[in-house]
Amino acid sequence: MPELPEVEVTRLGISPAVVGQTISAVTVRQPRLRWPVSPIVERLAGRRVKNVTRRAKYLIFDCGDGDLIVHLGMSGSLRVVPADTPVRKHDHVDIRFGKVLLRLHDPRRFGSVLWAPHGETHPLLAHLGIEPLSDELTGTRLRAMAVGHRAAIKQFLMDGRRIVGIGNIYANESLFLARISPFAPAGHISVARCERLALAIRTTLTGAIRAGGSTLRDFVGGDGKPGYFQQTYQVYDRTGAPCRACGSPVRRRVQGQRATFYCGSCQR
DNA sequence: CGAAACTCCTGAGCGC
DNA sequence: TGCGCTCAGGAGTTTC
């Protein structure tokens, strides 16, 4: 499930329970995730987590002499649970802090648990694009990045080498909010429309994070699934349903192996 | 260089 | 109830 808002809500949810705490044990039940779990991770006991930050969809735990880096992939979730919580299928990694532990659950195993020594940037994080919620994302910047690119704007938005954190759901939602066709060649979009798109991305992502804020306590405590949040989408997964703006049916098309949802009359 | 296809993995939902 | 098929929120790698 995790797109940037879910990752950010996870960060906010688990931070109070782990920041300032010392790792007492680590259990790796399944090291074969998207990338092999770094062997160092099993030897992290004794380190104190100084901070938890986020870069793109990576969660970064500052352990002093290095960073523990966690990506949730398509199906991953991180929760803080009592240390005696029974292990379920797909509970691959536990980072224990005394009486509680941070547990990674990931059925599809597209997530990853990595390590980067202090001062070094992990290769996977070395070529990431700009953060969509930073002030780097502006219409002019977007326009400058898109010039010369013939690829469809939706696929361009999902390319993490330009802008990070925009997954399939929010690419669809942002383009709807900006009233821009997902099929428009990225390089042909005017500055004015890029301005609208930059604003739409910011609005969509911050709105989703705010919606997730109400479920923060779901990340600490019980042994259920993280609540994430039930959002009402404008177009995502609404094939055939009436566009919330004009009433014409939402359409679905496959674009670059991913489903694209859009309103053919609102988005041009 | 850019763009598109391919790949990893499990589970849910659907038609029969 | 079971089987086979399709699809799913990511993103690095390969191929053209």
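Two residues are said to be in contact when heavy atoms of theirs lie within 4.5 Å. With that in mind, the reader can turn to chain A, which is divided into domain 1 (4–125) and domain 2 (139–262), with bounds that come from an automatic or database domain assignment. This is a predicted model, in which local features need pLDDT of at least 70 and side-chain atom pairs count only at pLDDT 80 or more, while totals for chains, interfaces and linings use all residues. Residues are numbered from 1 along each chain as its sequence is written, chains are lettered from A and ligands numbered from 1 in the order in which they are written, and side-chain values use heavy atoms, with hydrogens and water left out.

The C-alpha centres of domain 1 and domain 2 lie 27 Å apart, and across the boundary 22 residues of domain 1 are in contact with 23 residues of domain 2. Between them the two domains bury about 1,800 Å², and carbon and sulfur atoms give 67% of this area; buried area here is the accessible area (1.4 Å probe) that two parts lose on being put together, summed over both. On the side of domain 1, Pro5, Val9 and Arg79 supply 34% of the area that this domain buries against domain 2, more than any other three residues.

The elements that give two or more residues to this side of domain 1 are helix 1 (4–18) and strand 5 (77–82), where helices (H or I, at least four residues) and strands (E, at least two) are DSSP runs numbered from the N terminus. Helix 1 provides the largest share, 9 residues. By class, the residues of domain 1 that touch domain 2 comprise 11 nonpolar, 5 polar and 6 charged, with Ala, Val, Leu, Ile, Met, Phe, Trp, Tyr, Cys and Pro counted as nonpolar, Asp, Glu, Lys and Arg as charged, and the others, Gly among them, as polar.

The surface near DNA strand B has 3 nonpolar, 4 polar and 6 charged residues. An N or O atom in the side chain of histidine 90 is 2.6 Å from a phosphate oxygen of DNA strand B, and for the side chain of lysine 89 the corresponding distance is 3.3 Å.

Methods. Polar contact = N/O pair within 3.5 Å; in protein donor to acceptor, adjacent residues only side chain to side chain.
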